Amino acid sequence: MPVVDVDPDELRRLTSHEDKSDEELKDDLFSLGLEFEGVTEDDDFQLEFAPDRLDRLSVEGIARSLRYQYGDDRGVYVPSTNDAEWTIEIDSSVPDERPYVTGAIVRGVDLTADELDSLIQLQEKLHATMGRKRAKGAIGIHDLAMLKGRPAGDDKPKTITYRGVEPDGDTFVPLDDDAERTPAEVLEAHPTGEEYAPLVEELDRYPAIYDDIGLFSFPPVINGKRTEVEEGARDLFIEMTGTDQWTIDKMCTIVCYALAARGGKLEEVRVEYDDRDLVRPDLSTDTKTVTHDRIETTLGIDIPGEEVIDLLERAGLDAETGDDGSGRRRDDRPAPEDDVELETVPKRATQTEAPDETADSEGAETDEDELVYEVEIPPYRVDVLHPMDIVDDIGRAYGFNDLSPRYPEVSTVGGRHERSRLEDATRDALTGLGFEDLLNFHLASETELFDRMSLSPADDALGAREAPTITEPYSEDYTVVRTWALPSLLIVLENNTHRAYPQDLAEIGLVAGVDEGEPTNVAEHRSVAGVVARTDASYEDAKARLQTLARAFDAELETPPAEHPSFISGRTAAVVLDGERVGVIGELHPRVLVEHDLEVPVSGFEFRLDGLA
């Protein structure tokens with residue numbers, strides 16, 4: 001989960017609530033879904049949140065959300081922009097692998113040291129999340145005063161060019177350097193160049209951005225020192241390149257909103273492709289449809305339409321009532337041409353259904369007289385993909401803690417599933433054996449599951465099977481559903497080599513594999529995994545704990561010799577419970593330990609949870 005460092009005093013100032021105590025701020029932030037993780041050495045809050053709300057990757061975005069929560073701001077806000085004075089021209093030499101660019105100009109910011117730190121943090125967090133470590137989108141922020149645009153006519157007096165450059169072509173001085181270097185030399189000799197070299201080193205020509213003076217940006221690797229943004233900079237040029245226009249446009253919008261919150265004035269930039277021209281930043285709004293019945297059914301409350309409109313505005317969204325044609329919008333923003341409406345009049349039926357029904361924005365059928373909301377979404381909200389996202393916003397504005405729990409109107413009362421009871425009992429037993437209970441992500445990468453564990457999906461071994469693949473992963477670190485749980489425990493050990501030993505870790509979690517015999521083509525089950533990491537860890541240490549665990553559930557344990565690529569041959573056995581082979585136990589192979597930078601022996605086991613039933 002992304003973690004953002006936020007100065008609480010700056011947060012109070014940006015929200016105009018200087019009287020808020022730290023504890024009150026923490027409560028308010030938790031209501032937004034931001035969890036307090038601790039403080040830094042500078043007493044900044046460390047806030048963890050779900051990666052869908054990328055507009056909150058900066059103190060400015062968090063402050064904006066709080067102002068809506070406090071009722072100080074209402075509805076969709078779209079900052080005004082000045083007409084374009086600069087043009088980004090895309091040359092035909094741009095590498096096909098990274099063809100897209102976007103940009104914006106922000107004037108009058110007068111960056112302080114804290115504001116510059118916040119901007120850099122936002123840039124880094126967007127790179128790590130939406131930009132997929134710069135592979136999908138990379139951000140360059142430059143001091144506009146240091147740029148010289150090439151004159152190109154009265155209608156576009158200043159032009160810069162995005163084009164390809166030979167690896168050993170033009171030179172520039174990169175950030176944190178004093179020497180003129182070619183792009184190839186940057187990849188070889190500069191620390192940042194070495195880190196991001198895999199993104200471009202296979203290309204025949206590298207992406208580059210030029211002004212009238214010369215090369216000043218080498219995306220997605222590094223900017224030039226000439227245009228470095230320092231404290232006191234007033235006018236900024238923002239450029240973003242990537243593999244997808246929508247992604248970099250949204251990243252640009254989030255940065256523009258953050259700078260606008262600091263008093264910056266946005267100015268458009270014209271982007272000229274061979275076949276089309278774009279005006280950026282893209283501050284267009286979107287709309288989603290949601291029915292009143294869905295809101296009430298999901299939240300379990302009876303709520304009048306007027307209050308729904310009020311809650312939507314407090315969530316930073318917009319909607320209007322169609323009864324009197326009036327809408328409530330911020331006075332400092334012009335209404336869009338396609339005003340959103342709340343409809344109570346009959347809607348036109350689809351061609352394939354009865355005339356008294358219609359479909360909402362996700363295809364669900366609604367009665368013709370049902371109250372329907374057309375909700376306007378601000379441009380920085382990249383997370384609103386479904387009507388349920390709007391319902392979630394309404395619920396947060398209403399206050400989830402203010403919802404009264406009630407039994408559903410059904411003839412039965414739910415209870416705990418036997419599998420859940422077994423899982424809790426197993427977890428308690430593992431804790432009693434000295435294991436620290438973990439909850440890891442169910443998503444992983446094939447590298448973690450197979451390559452780093454010396455395992456192949458084709459092997460005849462636990463965890464060796466085709467992993468369910470995420471069609472559009474948000475990060476290259478989480479591209480598949482894990483096929484076994486031990487790799488997750490090894491990652492935790494790898495991230496905690498600075499901690500004292502022994503480290504005894506266990507997890508009960510979901511694992512899955514592709515299975516065409518299942519209706520979903522995926523077979524999944526709960527797995528129990530444990531590792532013992534210490535200077536004298538051995539097979540016997542793992543087996544002693546496994547024997548005690550099996551005895552607690554009256555399960556007969558057998559451990560016949562077995563082979564597994566992740567374990568040492570001769571120090572590995574199968575886990576057989578009540579006559580059924582359900583897992584593996586042994587000492588992790590030295591090559592697996594070296595791959596995870598572990599300097600102590602590790603023994604471990606993994607088996608199916610239902611083997612204890």
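His596 lies in the loop between helix 15 (590-595) and strand 27 (602-608). Helices (H or I, at least four residues) and strands (E, at least two) are DSSP runs, numbered from the N terminus. This is a predicted model, where local features need pLDDT of at least 70, side-chain atom pairs count only at pLDDT 80 or more, and totals for chains, interfaces and linings use all residues. Residues are numbered from 1 along each chain as its sequence is written, and side-chain values use heavy atoms, with hydrogens and water left out.

Is His596 buried or exposed? His596 is buried, because its relative accessible area is 0%. Buried means under 20% relative accessible area, exposed means over 50%, and partly exposed is in between (1.4 Å probe, protein chains only). Leaving out residues up to four places away in sequence, His596 touches Glu448, Arg452, Met453, Leu490, Ile491 and Glu494. Contact means heavy atoms within 4.5 Å.

Now step back to the whole chain. The protein chain holds 15 helices and 27 strands. Its C-alpha trace spans about 85 × 70 × 55 Å along the principal axes. Of its 613 residues, 51% count as buried. Take the contacts between residues at least 6 apart in sequence: 68% of them join residues at least 24 apart.

Next comes the surface. The accessible surface of the protein chain is about 29000 Å², and 44% of that belongs to carbon and sulfur atoms. Accessible areas come from the Shrake-Rupley method with a 1.4 Å probe; for residues, only the protein chains shown count as cover. The chain has 61 positive and 141 negative charges, and their mean positions are 1 Å apart. Lys and Arg count as positive, Asp and Glu as negative; His and the chain ends are not counted. The place of a charge is NZ of Lys, CZ of Arg, CG of Asp or CD of Glu.

Which residues form a negative surface patch? They are Glu446, Asp451, Glu466, Asp515, Glu516, Glu518 and Glu524. Patches are made of residues with over 30% relative accessible area and no salt bridge; like charges are joined within 9 Å, and nonpolar side chains (Val, Leu, Ile, Met, Phe, Trp, Tyr) within 5 Å. A salt bridge is a side-chain nitrogen of Lys or Arg within 4 Å of a carboxyl oxygen of Asp or Glu. Asp451 sits in the loop between helix 12 (446-449) and strand 21 (480-481). Asp451 counts as exposed because its relative accessibility is 55%.

A nonpolar patch of about 260 Å² is made by Phe441, Leu443 and Tyr478. Phe441 is in the loop between strand 19 (436-438) and strand 20 (443-444). With a relative accessible area of 44%, Phe441 is partly exposed.

Now look at the backbone. Asp578 is not a glycine, yet its phi is positive, about 50°. Asp578 lies in the loop between strand 25 (567-577) and strand 26 (580-588). Asp578 is partly exposed, at 48% relative accessible area. Apart from neighbours within four places in sequence, Asp578 is in contact with Asp554, Ala555, Glu556 and Gly611. Arg132 also has a positive phi, near 50°. Arg132 is in the loop between helix 4 (113-128) and strand 6 (137-143).

One joins Arg280 and Pro281, with omega about 10°. Another joins Tyr501 and Pro502, with omega about 10°. Pro502 is in the loop between helix 13 (486-494) and strand 22 (503-514).
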